[in-house]
Amino acid sequence: MSSFVTEVLAHSGRLEKEDLGTRIGRLTRRVEEIKGEVCSMINKKYNEFLPSMQSAQDLVTQVDELCGDIDLLKSRVESEVQQDLHVSIEEFTQLKQQLERDTVILSMLKQLQEFSTAIEEYNCALSEKKYIAAAQHLKKAQNCLKLLKSRKGFELQIFKSLSVELTIQKQNILYHLGEEWQKLVSWKLPTSKVSSLESALQTELHLCTEPSQKEDEAPSPPISSVLLAFALVGELHTKLKSFSQLLLKHIIRPLVSYPSLHALIDTHPDTVVFQFESVATDLEHSSPPEVFTKIRLVLEVLQKHLLDLPLGEDLEDEKVSQIVLAEIVGDMIWEDMSECLIKDCLVYSIPTNSSKLEQYEEVIQSTEEFENALKGMRFLKGDTTDLLKYARNINSHFANKKCQDVIVAARNLMTSEIHNTVKITPESKITLPALPAPDEGNKLKMQNVSNLHNEMMNLDTENKLGEHSFSLPTCRISESVEKLMKLAYQTLLEATTSSDQCAVQLFYSVRNIFHLFHDVVPTYHKENLQKLPQLAAIHHNNCMYIAHHLLTLGHQFRLRLAPVLCDGTTTFVDLVPGFRRLGTECFLAQMRAQKGELLERLSSARNFSNMDDENNYSAASRAVRQVLHQLKRLGVVWQDVLPVNIYCKAMGTLLNTAIAEIIGRITALEDISTQDGDRLYSLCKTIVEEGPQVFTPLPEENENKKFQEEVPVYVPKWMSFKELMLLLQASLQEIGDRWADGKGPLATAFSSGEVKALIRALFQNTERRAAALAKIK
């Protein structure tokens, strides 16, 4: 019985040749036939020669002719056999390839059959409204088609047809699911496009919790089944996004915007209906606790009847089984909802004077309770506190009407562009108009201050500090920050001539300016401060500039403000650590980002291994060039912006990060050939030669040489890196000399274990290497 493959090939019309065994048998029979022909020829010749043989010479001649004929026949036989064997091998190879291809075709046919079966089962399930099963079969068909398309060399037209069919079937199930969704979640929206209280009163939302069943129809699926089917076909987020937008627009926003609007929720055995009613009120804006109560009621009902349904607990798909509907909806609406609550509710609850500050604690407490309730329903994640942060930040938003212009002007400056800069030098000062004379009660204090000043002026010259000892170093700050500080001085100057109450409000308005800066600038410019290193440096300088003035700002006006402010409270020194920390954290975050980019570039260097491979060496060389380019670019954008000492420390830290990473990668290598060592040395040499060029803190090129010569001061690993270079090119004797029994420069740069590892990687296992390793202790 022939094999299954043989039958398949014969049925397809492609097997028309004999197999190898039949071919060899035929050749054997042919050899035997030729042998018979040879024997017959010999007998014939012998019979012809015998009667006519006259002499021995004639016999010899005839024998020679016979031998020639035999050799000719032998050559013919060998040639024909060899040719037939070669043809048979080629035929066998072709048959093997054909078998492999047909095996792939059979596999594809099986997958096509699975696709067809999945589509049939999908259609059957869909007709019976078994949407979960239908979605699973559709997903199985999608996987089969994906597997079919992955077969290389089989780009068949049928695949396009199957893709079209799959798309049609997906749209088909989405249509049916959409129909079911509209039955289960039904909106009645106002026809008017204008948002108003009247249109809100026309809005209704119906949730069908127990679908009705008619005798002549298949039973309708529950909401959980519809949602799970949406999840299986990958359209759950799209459907919930549409629902969330309607929820936000037609229910949540009206509840926040209209104080008279209240939600009415009617719960029936099979339906929950959301409606609105209007209750007359004189309030222009609802209080935050009342708004939070309204929204919480709506979300609790939605969470119970729609968003707390079990999805796919018994499914193999972990992504589907772990879906939390409340989290999805919360992520979709929280940002817009919190913004709406802040702009349309919380902002109007800010007290207009200090006497009402204590009452605001109720708002903070209700905000915290609201967020905790949303977290309990899983609408919010544990780290979400946008509303609470805003509610607690009362000092940043508190301002009396008399101080409103100051706050608005300050905020406009804070939200203006940062990159417009001015240069600050130790000689820079803010021009301040002449201050009014202190009142009688403060004259004695002024006299004491004057006497102290005179005593300080009489100190010996050798005991005096330099003229600019406490000055801010030369750097660039934002023009808006310079104007902001001038605004603070001018506002305090105005407070010196105002009434006691106004003076207090103006003084705290100035404090609020700096509180506002601390909160607004990092948030408003967050993206630019993260992405643009120059702006991060300018922001660092801005914070240090403000902190520098805050040290003495209160002292300059202490004796000229209202008596109520002259009890030691007229100070801004307490804000100094916060501003220094604000500037430092921003700049350190930028440093961490730059370090991350450097390490990412070096990660493409393929661990600096196998440098004899051109691709590896090219990748490592490119990584080193990218690192140097990044550092040089940073050097340019920070030039003439950062103070020189901060600039050098920052660039030194980044260069040190790159060098330390390279050292770690090279010392971790287990085998370094001679060519590897030469190429690693070349890469290190590039860094040693070009690394100092990144230190260009000043615009004048000739003034940067002294900083470039002090690279070891700012780069702790610089000398270690140079030692590594020497080690890559050194002999065993030179390495031992530089180790010098643990007292040489090599011992300062590396541990004994690191040196031993490098020796093992660089040198073959010989007695000389063993002796050198023994000396490294």
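Lys130 sits in the loop that joins helix H3 (56-127) to helix H4 (131-149). Helices here are DSSP runs of H or I with at least four residues, strands are runs of E with at least two, and both are numbered from the N terminus. The model is predicted, so local features need pLDDT of at least 70 and side-chain atom pairs pLDDT 80 or more, while totals for chains, interfaces and linings use all residues. Residues are numbered from 1 along each chain as its sequence is written, and side-chain values use heavy atoms, without hydrogens and water.

Buried means under 20%, exposed over 50%, and partly exposed in between (1.4 Å probe, protein chains only). The C-alpha atom of Lys130 lies 9.5 Å from that of Val226, although 96 residues separate the two along the chain.

Thr657 belongs to helix H23 (residues 644-667).

Leaving out residues up to four places away in sequence, Thr657 touches Lys595 and Leu599. Contact means heavy atoms within 4.5 Å.

Now for a helix pair. Two packed helices are described by the angle between their axes and the distance between those axes. The axes of H9 (residues 288-307) and H11 (residues 325-349) come within 11 Å and cross at roughly 170°. Therefore H9 is roughly antiparallel to H11, a term for angles over 145 degrees. Axes are lines fitted to C-alpha atoms over the stretch in contact, with angles from 0 to 180 degrees between N-to-C directions. Residues in the contact include Phe292 and Ile295 of H9 and Met337 and Leu341 of H11. By class, this contact has 13 nonpolar, 1 polar and no charged residues. Ala, Val, Leu, Ile, Met, Phe, Trp, Tyr, Cys and Pro count as nonpolar, Asp, Glu, Lys and Arg as charged, and the others as polar.

Which residues touch the most other members of the largest nonpolar core? They are Leu302 and Met337, in a core of 85 residues. H11 supplies the largest share, 12 residues. A nonpolar core joins buried Ala, Val, Leu, Ile, Met, Phe, Trp, Tyr and Cys residues through side-chain atoms within 4.5 Å. Beyond its neighbours within four places in sequence, Leu302 contacts residues including Phe243 and Phe274.

Overall, the protein has 31 helices and 6 strands. Buried residues make up 41% of its 777 residues.

Conventions. Parallel < 35°, antiparallel > 145°, perpendicular 65-115°, else oblique.
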